[in-house]
Amino acid sequence: IHTPGHTPEHLSFLITDGAAADQPIGIVTGDFVFVGDVGRPDLLEKTGNLTGTMERSARTLYRSLQRFREHPEWTQIWPGHGAGSACGKGLSAVPHSTVGYELRFNWAFNARTEEEFVLMVLAGQPDPPPYFAVMKRLNRDGGPLLDGRPPSRAPAARLDALLSNGAVVVDIRAASDYATAHVSGSINIPLGRSFTGWAGWVLPYDRDIWLVADEGCGSCVGDAWRALRLIGLDRVTGFLEAGEVAQWGRERRLMRDISRVPPAEVAERLDREEVILLDVRAQSEWNAGHVPGAMHVPLDLLSRWMRNRGRDSEIVVHCQTGARSAIAASLLDAEGFSQVRDLAGGFTAWRAAGLPVGTTDS
């Protein structure tokens, strides 16, 4: 069924178990209706440069949602994305729902008028990741023909040449392993549920990419390679084994670490103006509560923030629990910031310690 709004051509699919029923059991909604949210109608304008389409698409989406109300309340919905996706601003971590539940508890179905819905759906949408624009182009024009060979292993001795020639070295190990010891110039994007999304934010499309993985984790390299190709990052040239990289780095004194500092210590040093505390969370998280005196630089804007900053200040980075701040700390470290630390446990730990919390009104 045609469900335009997120894009003009968007389709959803009604699924019927023909062996048992003559009515649909569910609807695959893609980027139309999520659990707790709806698809964003601003991407054609923001990533496709189609000026003036945001409001028009929002009104189209509103009309599609009114037709959605006609489905029986017991109809299950299976959306294309969940929590953490940039395809909406408040997606739930619950993987599926029903029409009736969404009609009652999804904000989009509780807007009183079309005008109110348009204002609400366009307000507070996060900036789209750079790879969204690449995906639009590839979907329209087609992508390059690629071979099916996964990246091959290279000796750590190649690192000098790789880094000198502008290659991006991505350490896909757990954040704790990277923080303990990593080679200077590499960045950390742990291989996990959010790997593809954050890679699309921070990795360039015009440079070779090399991966660093634990010994014997060939499947990790293959998974990362396939994930990056899904968003058009096709220049994954090879991989290096972390143990060999560590030995090579120690011999050349190029190994670094990023220590984690407890909230109480950060609070004391922040009061004495000895550190810069960077909050890399989203705007909505900042609005809900933040550390007084912190500087708000969402992770997707960090590269821009770094351009004209001195590299010698001590910087402590934090997010909600520590996942995004680990990526942010690695980006700062790779760009030559010499004193980078990570707030242990993030803003969640700060709150739990009973330390002061500000809001957008304070």
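Here are some notes on this predicted model, point by point.

1. Some ground rules. Local features need pLDDT of at least 70 and side-chain atom pairs count only at pLDDT 80 or more, while totals for chains, interfaces and linings use all residues. Residues are numbered from 1 along each chain as its sequence is written, and side-chain values use heavy atoms, with hydrogens and water left out.

2. Start with Glu-102, in helix H3 (residues 99-105); helices here are DSSP runs of H or I with at least four residues, strands are runs of E with at least two, and both are numbered from the N terminus. Glu-102 is buried but has no salt bridge, and the nearest side chain of opposite charge, Arg-104, is 10 Å away. Buried means under 20% relative accessible area, exposed means over 50%, and partly exposed is in between (1.4 Å probe, protein chains only). For charge, Lys and Arg count as positive and Asp and Glu as negative, with His and the chain ends not counted.

3. What does the side chain of Glu-102 have 2.9 Å from one of its polar atoms? That would be the backbone nitrogen of Gly-36. Leaving aside neighbours within four places in sequence, the contacts of Glu-102 (heavy atoms within 4.5 Å) include Val-33, Phe-34, Ile-77 and Phe-109.

4. On to the salt bridges: there are 24 in the whole structure, each one a side-chain nitrogen of Lys or Arg within 4 Å of a carboxyl oxygen of Asp or Glu. Take Glu-115 and Arg-59, whose side chains meet at 2.9 Å, N to O. Glu-115 sits in helix H4 (residues 114-122) and Arg-59 in helix H2 (residues 53-68), so this pair ties together parts 56 residues apart in sequence. Glu-115 is partly exposed at 46% relative accessibility, whereas Arg-59 is buried at 18%.

5. Arg-104 does have a partner: a salt bridge joins its side chain to Glu-73 (2.9 Å, N to O). Arg-104 is in helix H3 and Glu-73 in the loop between H2 and strand S3 (76-79), so the pair ties together parts 31 residues apart in sequence. Arg-104 is partly exposed, at 47%, and Glu-73 is partly exposed, at 41%.

6. Now look at Glu-314 and Arg-269, a salt bridge with its closest N and O atoms 2.7 Å apart. This one links distant parts of the chain, strand S15 (residues 314-318) and helix H11, 45 residues apart. Glu-314 is buried at 13% relative accessibility, and Arg-269 is buried at 18%. Through shared partners, salt bridges join Glu-265, Arg-269, Arg-272, Glu-274, Glu-314 and Arg-341 into one network.

7. Which residues touch the most other members of the largest nonpolar core? Among its 53 residues, they are Val-170, Ile-189, Leu-203, Leu-211, Leu-302 and Leu-332. Another core, of 19 residues, lies apart from it and includes Ile-27 and Leu-61. (A nonpolar core is a set of buried Ala, Val, Leu, Ile, Met, Phe, Trp, Tyr and Cys residues joined through side-chain atoms within 4.5 Å.)

8. Glu-273 is in the loop between helix H11 (263-271) and strand S13 (276-279), and is exposed at 72%.

Key. A polar contact is a pair of N or O atoms within 3.5 Å; within protein, one must be able to donate a hydrogen and the other to accept it, and residues adjacent in sequence count only if both atoms are side-chain atoms.
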